[in-house]
Amino acid sequence: MQETQDKVEAFLEQVKEILKDDENWNINDEPWVGKVNKTLCYMTEKNLKKKDIKPIIEELTLENYCETELDTNVNFKGEYMWKFGITKTLVDDIEDLYIKLKIRKFDDDCLLVMSFHPEEPDRPEKKLQFPYRNKSINN
């Protein structure tokens, strides 16, 4: 689903506020059973750390927004994942990055970076679309 410009901007403001405290955000970089964790593989390949990823997330804007989807995991009913894309030079390559974020509600809001890895060029159906890129933005 596509969120309104105001909702995307409010989400990004909340993300940037959460990022001010390193205790309130984390990256989904744990090994998975029976499935490849692309974020873990990419971070290992590029030797990226949490401190390397933070400024890229802070740089996200409305124009980087792609879509929002409901988490289909039964353990996280009612939670949404927000997808973004950004082109960055990391280590030695220019990368079109796929970034998926989720804010979880606990005592404090917590940000979980669900995905942080290059787009999959061999899967055209997964190509990111940017509804607010290169358009005049009116609220």
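The following questions and answers concern a predicted model of a single protein.

Visitor: What radius of gyration does the protein have, and what would a compact globule have?
Guide: The C-alpha atoms fill a box of roughly 40 × 35 × 30 Å along the principal axes. With 139 residues, a compact globule would have a radius of gyration near 14 Å, and the protein agrees with this at 15 Å.

Visitor: What share of the contacts with a separation of 6 or more comes from residues 24 or more positions apart?
Guide: Contact here means heavy atoms within 4.5 Å. Among contacts with a separation of 6 or more, residues 24 or more positions apart account for 56%.

Visitor: Which residues form a nonpolar patch on the surface?
Guide: One member, methionine 1, lies in the segment before α1 (5-18). Its relative accessible area is 48%, so methionine 1 is partly exposed. The patch has about 280 Å² of accessible area together, and its members are Met1, Leu70 and Tyr80.

Visitor: Which residues of α3 are buried?
Guide: The cover over the buried residues of this helix includes α1, β1, α2, β3, β4 and β5 (109-118). The buried residues of α3 are Ile53, Lys54, Ile56 and Ile57.

Visitor: With which residue does the side chain of aspartate 22 meet in a salt bridge?
Guide: A search of the whole structure finds 15 salt bridges. In one of them, aspartate 22 belongs to the loop between α1 and β1 (25-27), and its partner, 32 residues apart, belongs to helix α3 (residues 50-58). Aspartate 22 has a relative accessible area of 42% and is therefore partly exposed. The N to O distance is 3.5 Å, and the partner is lysine 54.

Visitor: How far apart in sequence are the parts that glutamate 95 and lysine 46 tie together?
Guide: Glutamate 95 forms a salt bridge with lysine 46, with the closest N and O atoms 3.6 Å apart. Glutamate 95 lies in strand β4 (residues 93-105) and lysine 46 in helix α2 (residues 38-46), so the parts tied together are 49 residues apart.

Visitor: Are glutamate 95 and lysine 46 buried or exposed, and which residues make up the salt-bridge network?
Guide: Glutamate 95 and lysine 46 are both buried. The network of salt bridges links Lys46, Asp92, Asp93 and Glu95.

Visitor: Does lysine 83 count as buried or exposed?
Guide: Lysine 83 meets glutamate 67 in a salt bridge of 3.3 Å, N to O. The pair links strand β3 (residues 80-90), which holds lysine 83, with strand β2 (residues 65-70), which holds glutamate 67, 16 residues apart. Glutamate 67 is partly exposed, with a relative accessible area of 31%. Since burial requires under 20%, lysine 83, at 11% relative accessibility, counts as buried.

Visitor: Are the planes of phenylalanine 11 and tryptophan 82 stacked or tilted?
Guide: The structure has six aromatic pairs. In this one the ring centres are 4.1 Å apart and the planes stand at 5°. Planes under 30 degrees apart count as stacked, so the pair of phenylalanine 11 and tryptophan 82 is stacked.

Visitor: Which elements hold phenylalanine 11 and tryptophan 82?
Guide: Both phenylalanine 11 and tryptophan 82 are buried. The pair ties together parts 71 residues apart in sequence, because phenylalanine 11 lies in helix α1 and tryptophan 82 in strand β3.

Visitor: What angle do the planes of tyrosine 42 and phenylalanine 116 make?
Guide: Tyrosine 42 lies in helix α2 and phenylalanine 116 in strand β5, so the pair ties together parts 74 residues apart in sequence. Tyrosine 42 is buried at a relative accessible area of 4%, and phenylalanine 116 counts as buried at 0%. The ring centres are 6.3 Å apart, and the pair is tilted because its planes are at 40°.

Visitor: Which residues form one aromatic cluster?
Guide: Phenylalanine 11 and tryptophan 82, whose rings are stacked, are among the members. The complete cluster is Phe11, Tyr65, Trp82, Phe84 and Tyr132.

Terms used: Residues are numbered from 1 along each chain as its sequence is written. This is a predicted model: local features need pLDDT of at least 70, side-chain atom pairs count only at pLDDT 80 or more; totals for chains, interfaces and linings use all residues. Side-chain values use heavy atoms; hydrogens and water are left out. Patches are made of residues with over 30% relative accessible area and no salt bridge: like charges are joined within 9 Å, nonpolar side chains (Val, Leu, Ile, Met, Phe, Trp, Tyr) within 5 Å. Accessible areas come from the Shrake-Rupley method with a 1.4 Å probe; for residues, only the protein chains shown count as cover. A salt bridge is a side-chain nitrogen of Lys or Arg within 4 Å of a carboxyl oxygen of Asp or Glu. Helices (H or I, at least four residues) and strands (E, at least two) are DSSP runs, numbered from the N terminus. Buried means under 20% relative accessible area, exposed over 50%, partly exposed in between (1.4 Å probe, protein chains only). The radius of gyration is taken over C-alpha atoms; the globule rule is 2.2 Å times the number of residues to the power 0.38. Rings of Phe, Tyr and Trp (its six-membered ring) pair if their centres lie within 6.5 Å; planes under 30 degrees apart count as stacked, over 60 as edge-to-face and the rest as tilted.
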